[in-house]
Amino acid sequence: MILGSVLTTNLAILVLAGFIGFVVISKVPNTLHTPLMSGTNAIHGIVLLGGLLLLGLPLLGAFSKVLLVIAVAFGTINVVGGFLVTDRMLEMFKSKPKPKGEDDDGADGGAPK
Amino acid sequence: MSSLPLASSFLQSESFIYVLYIVAFSMFIQGLRGLAGPTTAVRGNRIAAVGMAIAVIATLLYPSEGNWGLIALGMAIGTAVGVPAARNVKMTAMPQMVALFNGVGGGAVALISWVEFRHHGSTYGSKTHEASYAIVHELGTGLAHVTVTQPALPTYVAIFSVFAAIIGSVSFWGSNIAFGKLQEIIPGRPISFGSAQQAVNLVLLVLAVAAGVDLIAGANSELLFIGMLILAALLGNAVVLPIGGADMPVVISMLNAFTGLSAAATGIALNNPALIVAGMIVGASGSILTNLMATAMNRSIPAIVAGGFGGGGAVEGASGAGEHEGTVRSTSAADAAIQLAYANRVVVVPGYGMAVAQAQHAVRELTKELEKRGVEVSYAIHPVAGRMPGHMNVLLAEADVPYDQLKEMDDANPEFQRTDVSLVIGANDVTNPAAKNTPSSPIYGMPILEVSDSRSVIVIKRSMNPGFAGIENELYFDPKTSMLFGDAKSAVSEITAELAQI
């Protein structure tokens, strides 16, 4: 492949991905801002892949290896922690409909009393 | 690797890995779409997580992968730190946890760029070091062992790598400061060099960029690279330290977008489409989200970055405090209980004080008790109550408050006029009438919950200390306001106990 085309292809991907990012998030209720921020935060943990790729390189010096192990650890924290925290935030939302339907009637109306 | 059977060479082929990447980022997009709606959010997050797992596995399939022990070590450390941190963090500490996770992502980007520089820095700006070059560019193509004679490392690789290093370092340090502020390790109030702040930031930025340009042009000096990382680190500190705590959610969101952009830049430098797509989507959606949050607080992003509630604002707030010599009426739990018991309509206005005291269950008990007595109860949620948009909803949902009782600001405000008692639990700035009435106030123009329209107001608060923005709240001096001083949880429980005896 010609180098110029690698760059231009990647730039095309970059620009299109940017538009997707804009479109997907254009309308979100306030309530979901925090989980959404947390979710996108987890997704940029994709940098983990960069660490994994570079660790595969031959001829790495010891110091480079140390830096990369830290980078991989950081990336893993970002990914694993990010998705788990988001899931925990959203669990709270998920449990929401339950008390309405099956739990104590005091929750909704309090009218029976 | 050359003696592997055919099947595994297919699995390790570039096309197969790319197909997996395409699956992965389709799942990211689908996951994000899900996250934007309340009913699909849980599934959306899980879809994105599975996508991430696929992307990681695909990357490990590269034939050039090696150092498995170190990879396992790094991932094991990350999991050992990340999982308990995410599992055990209290709901109140969620915002700073997000800041921290964002920070380590930025740190990873900076470290990756550093190693890239160590490996290929000698070819930056030159056309002659073909051998070193051969290693970097084949990363993407998976043909690491084929020696191709091509021109030296293209300049754009150095440019994107250096860009990623600067932004990653800014994001790492900025996020750590944001964490420190929210965790109250560092004072939440703005810390700045005063009027020199802008100049300092600018000088740091210019120096970091100059170092970067020098590196791209071929200054093969690791010391210079480290210097650049340090300058960017100082910049991250200098930008976030002067920003007041109230603006922190917006700042975290902005740094989140930054980390996304730096990940995308790393992707271009490494010729890895998964990094480019995922990083850029986060960069773009993060920018939109930052803007949405800033709008919800009626703050402009440039104004926040230029010093937040610092400088003039804080000083004005401080002098404003002296002007209020009106009296503050304090009340007791018993009085508050009577007031609430005989109301027809009560609106609960929760804020950070409720979150920090973990009072949401106590609040739910109180409102159940009130509902038994036929009092109509609802909750008015300011978009930025607490320290993150949606913070209150999360906590109240945890306490099983029915969703239809939660009213967003625009729905809640018209109803205050027919509300007998507004019960403000640890909310401050979001109820401050100064945002409507006092043009000189630093929060002037911010949409607020108009609790002062209701017939009476009970404020549960630990002390008369000003809130997160560091400004006095006129509401407390309003004759129809009574203050119940104390920890939100115990104060609410006391009211509930008193209520039971009426």
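Start by selecting strands β4 (residues 421-425) and β5 of chain B: they run parallel and are joined by 5 bridges. The model on screen is a predicted one. Within this pair, pick Ile425(B); its bridge partner in β5(B) is Ile460(B).

Stay on β5(B), which spans residues 456-461. This strand is mostly covered, with 5 of its 6 residues buried.

Now show the whole sheet. In chain B, 6 strands form an open sheet with parallel pairing, in the order β3-β2-β1-β4-β5-β6. The edges are taken by β3 (406-408) and β6 of chain B; each has a single partner strand, so one side of each is left without a neighbour in the sheet. From one strand to the next, the twist averages 25 degrees.

Strand β2 of chain B (residues 376-381) pairs with β3(B) in the parallel sense over 3 bridges. Select Ala380(B) to find Lys407(B) of β3(B) opposite.

Two helices on the sheet come next. Helix α16 of chain B (residues 360-372) packs on the sheet and touches β1 (345-350), β2 and β4 of chain B. The direction of α16 makes about 175 degrees with that of β1(B). Then select helix α17 of chain B, residues 391-398, which lies across β1, β2 and β3 of chain B. Helix α17 runs at about 145 degrees to β2(B).

Chain B brings 104 residues to the contact and chain A brings 83 residues. On the side of chain B that touches chain A, helix α11 (residues 273-296) of chain B gives the most, with 19 residues. That side of chain B divides into 66 nonpolar, 27 polar and 11 charged residues.

For the last stop, select helix α2 of chain A (residues 33-43) together with helix α5 of chain B (residues 94-120). They pack with their axes 9 Å apart, at an angle of about 20 degrees. Because angles under 35 degrees count as roughly parallel, α2(A) is roughly parallel to α5(B). Their crossing is left-handed. To see the contact, show Met37(A), Ser38(A) and Asn41(A) on α2(A), and Val98(B), Phe101(B) and Asn102(B) on α5(B). This contact of α2(A) with α5(B) has 3 nonpolar, 3 polar and no charged residues.

Conventions: Residues are numbered from 1 along each chain as its sequence is written. Chains are lettered from A and ligands numbered from 1 in the order in which they are written. This is a predicted model: local features need pLDDT of at least 70, side-chain atom pairs count only at pLDDT 80 or more; totals for chains, interfaces and linings use all residues. Two residues are in contact if their C-beta atoms, placed from the backbone, lie within 7 Å. Helices (H or I, at least four residues) and strands (E, at least two) are DSSP runs, numbered from the N terminus. Ala, Val, Leu, Ile, Met, Phe, Trp, Tyr, Cys and Pro count as nonpolar, Asp, Glu, Lys and Arg as charged, and the others, Gly among them, as polar. Axes are lines fitted to C-alpha atoms, for helices over the stretch in contact, and angles run from 0 to 180 degrees between N-to-C directions. Angles under 35 degrees count as roughly parallel, over 145 as roughly antiparallel, 65 to 115 as roughly perpendicular and the rest as oblique. A crossing is left-handed if the near helix is turned anticlockwise from the far one by less than a right angle, and right-handed if clockwise. A residue is buried if 20 or more other C-beta atoms lie within 10 Å of its own, exposed if 12 or fewer, and partly exposed in between; C-beta atoms are placed from the backbone. Two strands pair if DSSP finds at least two bridges between them.
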